[in-house]
Amino acid sequence: HSSPDESEDQDLISGFLRIVDKVWFFSGLGYPDFGSFDCVKDSSSVVEWAQSSEDNPHRPIDHQLSYETEWDMINAVSFRRKVHSHGDVLNRKCGSNHANDRNKWAFSFNVCDLRSITVKCEGWSCITFRLKDGTALPAIHFHQGGSTAFLDSLRKLVQINESPDDENVLIVSTYSRAFSQSFENLLDDTNYGFVQKFKKDPYTTTLGGFSKVTNYLFDAFRVPELEYHQRPAEEVADLLGEIIPGLEINQQEEPGFEVITRLDLGPRPEVQRRGPVAMEEWAKYQDSEGRITNVPHLKDVIFKGGLCHAVRREAWKFLLGYFPWNSTHEERKLLQKRKTDEYFRMKLQWKSVSEEQEKRNSRLRDYRSLIEKDVNRTDRNNKFYEGLDNPGLILLHDILMTYCMFDFDLGYVQGMSDLLSPILFVMENEVDAFWCFVSFMDEMHENFEEQMQGMKTQLVQLSTLLRLLALAFWNYLEAQDSGYLYFCFRWLLIRFKRELHFQDVLRLWEVMWTRLPCQNFHLLVCCAILDSEKQKIMDRKYGFNEILKHINELSMKLDIEEILIKSEAICMQIKNCKDLPHSVSEILGLNTVTEPSAALETSEYGILESPQTSPRSTHRQDHVISNGHSHLKESTHNGCKVAFIS
């Protein structure tokens, strides 16, 4: 309707409603001008309605996509026309300068100017927007559905809460305002926009922002409209250190740190990889009862070549610790039966929650909302998940919801769907995929915890390794205020899931799950990528912003085999180094075991391990059902001290 007041004799006018997430306007290349922070941009998002053309009322008008295209929401809507005595004022207030009739009732407004939303149901949903200056915009009727999805998209941009006085009214507040309501006196309104987002809710903003993996830094550097002005790159870098305590990685004066002089690592050896393990070769490692034999050698060949896809469904269960290496066929059948019963008991817990119960359980409601949003945009280009009502999407949703029942303290954090997707793709079985995901999350758990301790530790460890391997490059990064290495955050958070093509992710993960050739091999993968790019970054004299842009553009351009070859070569180079710093040895687990027991076997790479199970999965097999966090209580992050090399 063309006004908040509706009457039955009004003419029907159809149009399109959308949320446009305003983004950086770039010069020339279509990317941010990372050379400075004073590039022209729109400062926030707007809601727009425009009338559809008379000759094609069902075709949306051309629109500019936002940076995150999945946030663009376009729904067919309609309202009945009524002459508005203040139409010109309304159009001018809402930013419409069109004079023709077709755009007479078009309007748009900044989401920051929105005060409330009235939602009514009249056989279909009807929404009325009211701005902070008291203006009530024309009522929007969603005759073709989509109002829920529209509001969900809007919630990404502003805080929306039910009014205590009227159940049909939703109160809208901006992020800074919502923050002050939840954490009084913690921040004032003069801080940078992305500082507000970090401190408002570091759990979902920092981890959620990165793990949505839509280039979080692009989003984080947007500043509120009233606060927009140029910020030096070094100020932004300093803010990251302030916001994420413990992320500083250049504090040589801190007591207890090991100061190491420059080391001669010697030449980097050449390494060769082999072909993947095929089904026939896999079968040779099983005895007549199904036990896996010569586990260290099997892990060696998996590390060297990966697995054929036909082998993955079975082999991943062993690599992730779901199946014990020394279990028989019969024992694994019994295990699967027991795990199936347990899984569906947990699944029934959330499936049986009534609507009335869920209304009073905000955490479950929030978990479900996050999962539904993420599932709908996870690997949709993969045939296993493409299309509407895809059974793969349903399984992805159900497994993540059930994981919330398994580990309600952690629940769901954006990014976990990226870790589950490849596992479900390989397993093609709901129960097996769930328990393999549980095992993977045992390892990745601290990446998603509120304090981000796992991420802090890994970034510090990565800095230590990079200084050992490429001191000149590290010094260059430090000089460009990039010594924090936060451009590697996404790599570490979800194990390169968004940096590699899907099949390459499968190869990398199965190689890393062998735990060879050292602990924290994924950190050497980071070093290998940076080693390949360091000369280009220094020769072109990239600054803070150019480095971010360059690293981001590596996504989907990386060669997994080249990376694995260089990563292994770096590991061998470090192992061959005399007088290796103790801190580096501890990060890579090169001197953690001094007296092998009779039950342990040594692999080609000198890693001591049980022939039955990996070090992590030994504990996990005993406690994965009773306590999904038990391993974290005993974790010491490899007990590493951080070494800084000068």
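**Aromatic pairs and burial**

Analyst: In this predicted model, the count of aromatic pairs comes to 26. One of them is formed by Trp316 and Trp513, with 4.8 Å from centre to centre and 85 degrees between the planes.

User: Why is the pair of Trp316 and Trp513 called edge-to-face?

Analyst: Rings pair if their centres lie within 6.5 Å, and planes over 60 degrees apart count as edge-to-face. Trp316 and Trp513 have centres 4.8 Å apart and planes at 85 degrees, so the pair is edge-to-face.

User: What makes this pair a tie between parts that are apart in sequence?

Analyst: Trp316 belongs to helix α10 (residues 309-319), while Trp513 is in the loop between α20 (502-512) and α21 (521-539), so the pair ties together parts 197 residues apart in sequence. Both Trp316 and Trp513 are buried.

User: Why is the pair of Tyr403 and Phe406 called tilted?

Analyst: Planes under 30 degrees apart would be stacked and over 60 edge-to-face, with the rest tilted. The planes of Tyr403 and Phe406 are at 40 degrees and the ring centres 5.8 Å apart, so this pair is tilted. The two residues are 3 apart in helix α14 (residues 391-406), which means a separation of about one helical turn. Both Tyr403 and Phe406 are buried.

User: Which aromatic cluster includes Tyr403 and Phe406?

Analyst: Tyr403 and Phe406 form one aromatic cluster with Tyr343, Phe344, Phe434, Trp435 and Phe437.

User: How do you know that Lys339 lies over the face of Trp435?

Analyst: The distance part of the rule asks for NZ of Lys or CZ of Arg within 6 Å of the ring centre. Lys339 is at 4.1 Å from the ring centre of Trp435 and lies over its face. The charged end of Arg467 sits over the ring of Trp474, 4.1 Å from the centre.

User: Why is Asp398 called buried?

Analyst: Buried means under 20% relative accessible area. Asp398 has 8%, so it is buried. Asp398 lies in helix α14 and touches Tyr343, Lys347, Trp350 and Glu430, leaving out residues up to four places away in sequence.

User: How do you know that α20 is mostly covered?

Analyst: In α20, 10 of its 11 residues are buried. Among them are Phe502, Asp504, Arg507, Trp509 and Glu510. What covers the buried residues of α20 includes α9 (295-305), α10, α15 (416-427), α16 (430-444), α21 and α23 (560-575).

Conventions. Residues numbered from 1 in each chain as written. Predicted model: local features only at pLDDT ≥ 70, side-chain atom pairs only at ≥ 80, totals over all residues. Heavy atoms only, no water. Phe/Tyr/Trp six-rings, centres within 6.5 Å; stacked < 30°, edge-to-face > 60°. Helix = DSSP H or I, 4+ residues; strand = E, 2+ residues; numbered from the N terminus. Buried < 20%, exposed > 50% of the residue type's maximum accessible area, 1.4 Å probe, protein only. Lys NZ or Arg CZ within 6 Å of the ring centre and 35° of its normal. Contact = heavy atoms within 4.5 Å.
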